[in-house]
Amino acid sequence: MTEPMTIRARLAAPVATVRRALTDPAELRVWLAEHAEVELPRRYEFWGRYTPEGDAPHQRLLHVDDRTLRFTWTLDGVETTTEFELEPDGDGTILTLRQSHFSFEEAMSGSSIRGVLQTYWYLALANLNDHLDGRPLLPRTDFTSADLRGELLIDAPMDKVWTSLTDSEQAGAWFGYPIGIEPWEGGRYAMGGFDAGQAAKVFDVTPGRGLSIDWGPTGVTSWELDESEGRTKLTFVQSGFDEGNPPYGAWTGIVSGFAELRRFHEVPDWRPIWLTDDVPA
């Protein structure tokens with residue numbers, strides 16, 4: 001069963017600047033897609049290896065004005081609808097994204113490419129915010145490859161980054177979701193916390209530097225920390241999965257979380273960009 005999906009984000013730029021980033025093809029090629037062509041009010045298309053089913057453009061523009069952009073996007077034979085809505089927020093912008101035909105079941109099973117939509121948009125919007133803020137972007141998911149790896153520089157000491165990755169309270173804060181972590185060989189890594197039921201297994205631990213997490217069918221997530229000219233380089237890899245059906249959705253969710261990990265360390269008086277019903281705008 002599909003359901004409408006809504007994501008709200010507080011972006012670090014005024015409405016006019018955000019609208020330009022959403023509609024200028026040169027900017028779209030920086031933060032969203034390998035290829036983009038826009039001719040308003042008739043055409044809005046993006047495609048390429050960083051786009052699900054990106055062999056060709058599959059979008060059709062429905063509506064655009066100063067605050068709203070709406071288009072259809074055919075995925076796995078189904079015409080979905082995507083909408084961006086912008087509203088001023090002081091010097092910034094609240095962006096609301098609405099996406100039809102998202103199914104949590106498809107996200108868990110990998111039975112349709114539509115299952116990646118939630119984490120795809122979280123990563124895209126995290127990169128949009130970093131683009132607007134002048135930060136280096138996170139690695140975009142290459143939907144044509146089974147080589148899932150990336151790296152990120154964080155302007156913080158390695159011991160502080162290690163703590164934020166392995167302390168349950170800190171990890172839950174920047175990831176925006178409770179995480180129970182036992183950072184030792186054979187320990188548990190539980191999305192939703194230890195009371196949620198299932199937990200992945202921690203192994204191959206090098207204290208202060210790296211560890212691996214065995215998620216079962218979706219494979220193993222490994223990350224490693226290294227010093228890099230006073231900053232910390234985080235290298236992360238997903239392996240051990242069925243290469244005929246790579247876990248693009250899970251991988252993209254992991255990568256999107258690292259945007260807030262970096263901001264957690266680098267932004268004074270940090271607060272997440274994501275807005276939920278219990279977090280006022």
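This is a predicted model: local features need pLDDT of at least 70, side-chain atom pairs count only at pLDDT 80 or more; totals for chains, interfaces and linings use all residues.
1. Let me start with the aromatic side chains. Searching the whole structure turns up 19 aromatic pairs. In one of them, Tyr 44 and Phe 46 have ring centres 6.3 Å apart and planes at 80°, so this pair is edge-to-face. Tyr 44 is buried, its relative accessible area being 1%, and Phe 46 is buried too, at 0%.

2. Another pair worth a look joins Tyr 120 to Phe 143. Their rings are tilted, with 55° between the planes and 6.3 Å from centre to centre. This pair links distant parts of the chain: Tyr 120 belongs to helix α4 (residues 117-133), while Phe 143 sits in the loop between α4 and β8 (148-154), 23 residues apart. Both Tyr 120 and Phe 143 are buried.

3. These two pairs come together in one aromatic cluster, whose members include Tyr 44, Phe 46, Tyr 120 and Phe 143. Among the other members are Phe 71, Trp 73, Phe 84, Trp 121 and Tyr 248.

4. Next, the nonpolar core. The largest one holds 72 residues, and the members touching the most others are Phe 46, Leu 95, Trp 121 and Phe 258. Helix α4 supplies the largest share of this core, with nine residues.

5. Which residues does Phe 258 contact, leaving aside its neighbours within four places in sequence? Phe 258 is in contact with Leu 138, Leu 152, Leu 165 and Leu 234, and with the aromatic residues Trp 174 and Phe 236.

6. Helix α4 deserves a point of its own. Its 17 residues span 24 Å from the first C-alpha to the last, close to the 24 Å expected at 1.5 Å a residue. The helix is mostly covered, as 13 of the 17 residues are buried. After α4 comes Gly 134, which has a positive phi, near 75°.

7. Is Ser 112 buried or exposed? With a relative accessible area of 7%, Ser 112 is under the 20% cut-off and therefore counts as buried. Apart from residues up to four places away in sequence, Ser 112 touches Asp 76 and Glu 106.

8. One last detail concerns a charge and a ring. Arg 188 lies over the face of Phe 194, 4.1 Å from the ring centre.

Note on methods. Residues are numbered from 1 along each chain as its sequence is written. Side-chain values use heavy atoms; hydrogens and water are left out. Rings of Phe, Tyr and Trp (its six-membered ring) pair if their centres lie within 6.5 Å; planes under 30 degrees apart count as stacked, over 60 as edge-to-face and the rest as tilted. Buried means under 20% relative accessible area, exposed over 50%, partly exposed in between (1.4 Å probe, protein chains only). Helices (H or I, at least four residues) and strands (E, at least two) are DSSP runs, numbered from the N terminus. A charge sits over a ring if NZ of Lys or CZ of Arg is within 6 Å of the ring centre and within 35 degrees of the ring normal. A nonpolar core is a set of buried Ala, Val, Leu, Ile, Met, Phe, Trp, Tyr and Cys residues joined through side-chain atoms within 4.5 Å. Contact means heavy atoms within 4.5 Å. The expected span of a helix is 1.5 Å times one less than its number of residues.
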